[in-house]
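Open the model in your viewer with the sequence panel beside it. The tour below goes from one selection to the next and says what is found at each stop.

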Amino acid sequence: KFAAAASVAIALVASALAYNYWNKWKSTETSLADLIAQNQRVAQDYNTVNQRLDQLEKDLNIINNPAFNRVVMKGTANAPGSLASVYWNESTKEVYLSIQEMKALSQDNQYQLWAIIDGKPVDAGVFDPNFSGLLKMKDIGAGAATFAVTVETRGGKTAPSLETMQVAGNVVKG
């Protein structure tokens with residue numbers, strides 16, 4: 001009888017311990033899954049920050065490159081508070097745009113950058129105002145005297161709508 005009672009007691013204690021360890025194992029498994037998910041979020045955030053840092057370094061290299069001429073485009077009567085800058089490398093024909101302040105547009109419209117070369121407007125590309133950093137625009141030829149931005153229908157036009165000009169700035173040589 002004593003052996004039977006002892007074996008039942010051992011079985012009950014073993015069962016209680018097994019149940020306790022099973023609960024701890026499930027809790028640890030849940031905690032591990034939470035930590036793995038948190039680790040993945042941290043890795044994604046790190047990658048996002050790293051990509052942003054890479055982009056900022058590229059932008060800084062362009063801004064600090066003496067081969068790029070900075071053209072400040074100030075607001076016109078249509079948008080006196082607007083301000084943007086163009087970084088233009090005449091030898092490589094590269095054009096980058098930086099917006100400091102421009103108003104949001106309707107879904108039907110976009111801004112269009114123009115370079116005035118030999119008195120004629122040359123399309124340098126369309127853009128929406130919701131980007132940060134530098135935006136690569138179309139390459140343009142040599143001899144630009146002025147850069148300007150107009151509001152055009154989405155997709156742009158072949159000739160600027162001068163009555164919608166938002167910002168403009170003259171190229172300073174030297």
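Two strands count as paired if DSSP finds at least two bridges between them. Strands (E, at least two residues) and helices (H or I, at least four) are DSSP runs, numbered from the N terminus. This is a predicted model, in which local features need pLDDT of at least 70 and side-chain atom pairs count only at pLDDT 80 or more, while totals for chains, interfaces and linings use all residues. Residues are numbered from 1 along each chain as its sequence is written, and side-chain values use heavy atoms, with hydrogens and water left out.

**Stop 1: the sheet**

Select Val149 and Val167; Val149 stands opposite Val167 in β8. Now widen the selection to residues 144-153, which are strand β7; β7 and β8 pair in the antiparallel sense over 5 bridges. On to strand β1, residues 69-75, which is joined to β8 (residues 165-170) by 2 bridges and also runs antiparallel to β8.

Show all the strands next. An open sheet is formed by 8 strands, in the order β5-β4-β7-β8-β1-β2-β3-β6, with antiparallel pairing. The edges are β5 (120-127) and β6 (135-136); each has a single partner strand, so one side of each is left without a neighbour in the sheet. In a regular strand the side chains alternate between the two faces of the sheet.

**Stop 2: β2 and its partners**

β1 and β2 run antiparallel and are joined by 6 bridges. To see one of the pairings, select Asn69, whose bridge partner in β2 is Trp88. On to β3: strand β2 (residues 83-89) and strand β3 (residues 94-101) pair in the antiparallel sense over 7 bridges. Leu83 has Glu101 as its bridge partner in β3, and Ser85 stands opposite Ser98 in β3.

Colour β2 by accessibility. Buried means under 20% relative accessible area and exposed over 50%, with partly exposed in between (1.4 Å probe, protein chains only). Of the 7 residues of β2, 6 are buried.

**Stop 3: the turn between β2 and β3**

β2 and β3 form a hairpin with 4 residues between them. Select Lys93 in that loop. Its phi is positive, about 70 degrees, although Lys93 is not a glycine. Lys93 is partly exposed, at 40% relative accessible area.

Ser91 is in the loop between β2 and β3 as well, and is exposed at 64%. Its side chain makes a polar contact of 2.8 Å with that of Asn89. A polar contact is a pair of N or O atoms within 3.5 Å; within protein, one must be able to donate a hydrogen and the other to accept it, and residues adjacent in sequence count only if both atoms are side-chain atoms. For a distance check, draw a line from Ser91 to Ala77: they are 14 residues apart in sequence and 33 Å apart in space, C-alpha to C-alpha.

**Stop 4: the cores**

A nonpolar core is a set of buried Ala, Val, Leu, Ile, Met, Phe, Trp, Tyr and Cys residues joined through side-chain atoms within 4.5 Å. Which residues touch the most other members of the largest core? Select Met73, Val86, Leu113, Phe127, Ile140 and Phe147, out of 23 residues. Two or more residues each come from β1, β2, β3, β4 (109-117), β5 and β7. Another core, of 5 residues, lies apart from it and includes Ile62, Phe68, Tyr87 and Tyr96.

**Stop 5: the rings**

Rings of Phe, Tyr and Trp (its six-membered ring) pair if their centres lie within 6.5 Å; planes under 30 degrees apart count as stacked, over 60 as edge-to-face and the rest as tilted. The whole structure has 5 aromatic pairs. Phe68 and Tyr96 form an edge-to-face pair, 5.8 Å centre to centre with 65 degrees between the planes. Phe68 lies in the loop between α1 (2-64) and β1 and Tyr96 in strand β3, so the pair ties together parts that are 28 residues apart in sequence. Both residues, Phe68 and Tyr96, are buried.

**Stop 6: Thr146**

Finish in strand β7 with Thr146. Is Thr146 buried or exposed? At 18% relative accessibility, Thr146 counts as buried. The side chains of Thr146 and Asn170 are joined by a polar contact of 2.8 Å.
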